[in-house]
Amino acid sequence: MKTLVVFLLLMNVSQHASALEVYEGVESVLLLCKDTSVPVDPTLLWTRHDLSLPVVHQHSLTGDELRDQNQRYRRRTSMKTDSLRTGDFSLTLRNPITSDSGTYICTITAFGNERTLTEVELQVKVSHQVFTVEVYEGAESVLLPCHIPFVSGPTTVMWSRYDLNPPTVHQRQQEEDELTDQNQRYRDRTSMKTDALQTGDFSLTLRKPHIFDSSNYTCTIRVTGEEPRLTDVQLQVKEPYTFPAEASVILAVLAVAAIVGLGVYLWKLFYRVPQVEVDSGTESVQLPCKTTLHLPEDAKVEWKDSGYKKVHVYKNGSDQPEEQHQVYRDRTKMNEDLLKTGDLSLTLKHPTDGEGGIYTCTVYSRERKILMKKEVVLQVRVRQVEVDSGVESVQLPFTKVYLPKDAKVEWMAVSKKVHVYQNDSDWPEEQHQDYRGRTAMKQNLLKTGDLSLTLKYPTDGDNYSYTCTVYNKRKKILMKKQVKLKVRVPQVEVDSGVESVQLPFNTTLHLPEDAKVEWMESKYDLKVHVYKNGSDQPEKQHQRYRGRTKMNEDLLKTGDLSLTLKYPTDWDTRTYTCTVYSREGNILLKRKVELKVRVPQVEVDSGVESVQLPFNTTLHLPQDAKMEWKDNTMYNREVHVYENGSDQPEEQHQVYRDRTKMNEDLLKTGDLSLTLKHPTDDDTYTYTCTVYSREGNILLKRKVELKVRVPQVEVDSGVESVQLPFSTTLHLPEDAKVEWKDNYRKVHVYENGSDHPEEQHQVYRDRTRMNEDLLKTGDLSLTLKHPTYGDNSTYTCTVYNREGNILLKRKVELKVRVPQVEVDSGVESVQLPFNTTLHLPEDAKVEWKDRGSRKVHVYKNGSDQPHKQHQAYKDRTKMNEDLLKTGDLSLTLKYPTDGDNSTYTCTVYSREGNILLKRKVELKVRVCQVEVEEGAESVQLPFRTTQNLPEDAKVKWRENKFLGNILHVYKNGSDQPDKQHQVYRDRTKMNEDLLKTGDLSLTLKYPTERDSGRYRCLFLRKADIIRWNTVLLKVKGLFLSLFCYLFLCVCIHF
């Protein structure tokens, strides 16, 4: 009947359409979908049918199921965990972008029936962002922000300034910068992050901003197939701020205040607050507070707790109970003549753990001036009792020697009354219903003083702190104690595929013959098994458990209430509760058991011939049994079906046709393992094997998780070629088609017995090769020539038959490493290595470029082409003779500095302009360090470069920090002392004929410890920075030098 109701509900299709507009850049957008009628065992699906893979998000009782999710939504969608309970199926989509625009359909399914709940028309608009950035001239750099939340395809980014001609400030195409059309005033001053395509952060770093850089900058992002995104940044470069002398006084005052504040903080840090520890249930505790200070007779003493509640007040020679907080009334006491003796200690009766904390004693004068203040930390320990779920009872202990006959005893848990004893008897009518019939206290408890509470059938739902309070007839608290109860839930673990698992529960309690035993699943409150009136009640079970549970005979007599659950799977990983009821419905016994079903995992590499999903059983299976393997996609696709003694390929999903195999006589041998041929990472799923009887009842069930690893190939940039391996022993038809692809482009196509270069993406033309007779030999490996960092990707080889069906598939991940060269600043030269055994034509062109696409060295027509070099590298590079014959394309870079840190790319072109070879090398030049002792006459900051520098060049030494001072300027053939900062006047010197000799070193006289820091020498021409060098200076103070000298003397003496 329930199934029929669900069917009718699902047949009643009620669609609600809505439109939603948001701007790109918001954190998230909520697609609303709600419904009041949630069927049993539902699956909720969000789809977008204009995509080839339409699944946006899928959710069921077991949680999110995202195996079939379209990758563009990966890690960007979520639903509420309780959505299938509340009926709120709304979807949160994070970081929406323009390509997310479309119609989203919310659908619910159950028992093979489907109902569309709502359709949401989402339109994500491009937002035109505007930023204002301010920076002072002299700063090292400024960041102009520009970003998108997600990059979905090939991307070009252009930074422009339209008041200039040409307007290009910086351009990035795919992985590399394209600076051919860059305005010259920005040459060597702009950069973007190397991982911009991965992060979506296309912000521009502008180095050494000047006043004339102030303007409006536009960032234009063009993603293939999407509307361009614009960001405007208004940059204002201000003149450096001159710090006024008057502010020095203010700074001095602030410094003194900071020192005083630090002193107060340290005093508080090291001032030890006394701590008092006591057990809950003790009669009283004393909070000590004593002083030798002479206190006036009219002083006021006040104790407060950490919540600023008044604990006790002493004033005008007596206590002031009317000023106390009601929580502490009749529970506090202070000594007599406390102002004379100086003993201001407080006695607190019946402390509980809720009263732990800091207590403050403050003494005031008559004028309310604080004379003294002291803190005491009180810690009340609570005893903890631990038991296992399912024990018949647990005792919460509390003993006391003497109590008056009219005392009242009350046990509480949070705000619930657990047990009340008054007038020599229990008061069950005052108990909370959760505890009725479950508690007991001893007889004559007021005489014996044993106030312990017995709690029957404890479960983890009883985990609380329990408080016992004793009152006299005037409702005054005589004593109080707390006990913490922790009920452990036992855990049972088994592997998926075992025939059965037992959830244990045994009791020695005498159970009545008319008792009812009920096992429940705790997450969704599903009935697992019901025993009543001496027999099982299968009609009351939830359908998931029908035919799968069993309990022992005579269970009420033996006390063995254990439950046997057949064919457990990971879905059965739950907490199960067994409850025993009397005829009247009262709980007699209760226990919880936690079940964890492990799913075995099989791991293989992509491209292996086959993989086996194991499943063996010793169970006797009938000859007419049906065996079914399924994957756990949203469609639960049929992987393999065995019925009536043979395989049923027509029932398989097409993805698995001709790819699966099972053993002969599988029902006799019990080997139900499945062999899956040609597995790829697309086959990474959890697979379920289910065995049914002729009537459709489940006889056996098991899950196996398959993980197909993608093999990785690593090579260094600059190798002639790399092979992406793929070999198979499968017999391939002569008309098969072989296709290699990267994440979204065709790399190589072989069809009709030959390659098809016209189908290749242009990036891979003339760079790929496959073996001859590949279909006969089964070697489908791909050779990729001249791999670079930009080729890092996952490559997929797919083999199709004439009808377009997939015969074979494999993935290979390629990682191209960029070699790194490290040298110290100041070395004569460094070599960027590149050797090849490839035969190069005599008319080949060799070109080295840096990260900014500046030409470092060009070799063409048998000779170097210095006129094509960037001026930063003139007279600084060298390549070997006969380089095309020897294959040694290494580059020697003279006088390297940290300004040369970059990734350098060497590309070899044919006469037609085709790339023959390519390699990247990363250069890292460590900063030069100079150490000198304070008191030395001078120190030299070294910088040597090429000789015969142009006469119109300018050399500037400055502090390498924000608003750094200028040390020395050389221009127009002479020093410019008027441009020096006054701190360095008459303290610096540079060599004569420095432009001829190339020695740009600076001599700094009388160095002190304050001169320690980074200094940078800039070599400029027409306002453009051609080269620079950084030097780290460390001046050791006299005290440190003297200490080292004395230490050395002592060591020599001994």
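Start with the surface: the protein chain exposes about 54,600 Å², and carbon and sulfur atoms supply 48% of that area. The model behind these values is a predicted one. Of the 1054 residues in the chain, 47% count as buried. Laid along the principal axes, the C-alpha atoms fill a box of roughly 110 × 105 × 70 Å.

As for what the chain is built from, it has 12 helices and 81 strands. The overall form is more spread out than a compact globule, because the radius of gyration is 41 Å, well over the 31 Å that the globule rule gives for 1054 residues. Contacts reach across the sequence too: among those with a separation of 6 or more, 61% are between residues 24 or more positions apart.

Strands of a sheet pair through backbone hydrogen bonds, in either a parallel or an antiparallel way. Between β2 and β7 (residues 91-94), the antiparallel pairing runs over four bridges. Within that pairing, S28 has R94 of β7 as its bridge partner.

Next come the cysteines. The structure holds two disulfides. A disulfide is a covalent bond between the sulfur atoms of two cysteines. When the bonded cysteines of the chain are numbered in sequence order, the pairing reads 1-2, 3-4.

One of the links joins C33 and C106, with the sulfur atoms 2.2 Å apart. C33 sits in the loop between β2 and β3 (43-47), while C106 belongs to strand β8 (residues 102-110), so the pair ties together parts that are 73 residues apart in sequence. The torsion about the S-S bond of C33 and C106 is about -75 degrees, and the disulfide is therefore left-handed. Both C33 and C106 are buried.

The other link runs from C146 to C219, and its S to S distance is 2.2 Å. This pair connects distant parts of the chain, 73 residues apart: C146 is in the loop between β11 (141-144) and β12 (155-160), and C219 is in strand β17 (residues 215-223). The link of C146 and C219 is left-handed, with -70 degrees about the S-S bond. C146 and C219 are both buried.

What about C928, and how far away is the nearest cysteine sulfur? C928 is in no disulfide, and the nearest cysteine sulfur, belonging to C1017, is 12 Å away. With a relative accessibility of 15%, C928 counts as buried, because the cut-off for that label is under 20%. C797 also counts as buried, at 0% relative accessibility.

Terms used
Residues numbered from 1 in each chain as written. Predicted model: local features only at pLDDT ≥ 70, side-chain atom pairs only at ≥ 80, totals over all residues. Heavy atoms only, no water. Pairing = 2+ DSSP bridges. Helix = DSSP H or I, 4+ residues; strand = E, 2+ residues; numbered from the N terminus. Rg over C-alpha atoms; globule rule 2.2 N^0.38 Å. Buried < 20%, exposed > 50% of the residue type's maximum accessible area, 1.4 Å probe, protein only. Contact = heavy atoms within 4.5 Å. Areas by Shrake-Rupley, 256 points an atom, 1.4 Å probe, with all protein chains shown as cover. Disulfide = S-S within 2.5 Å.
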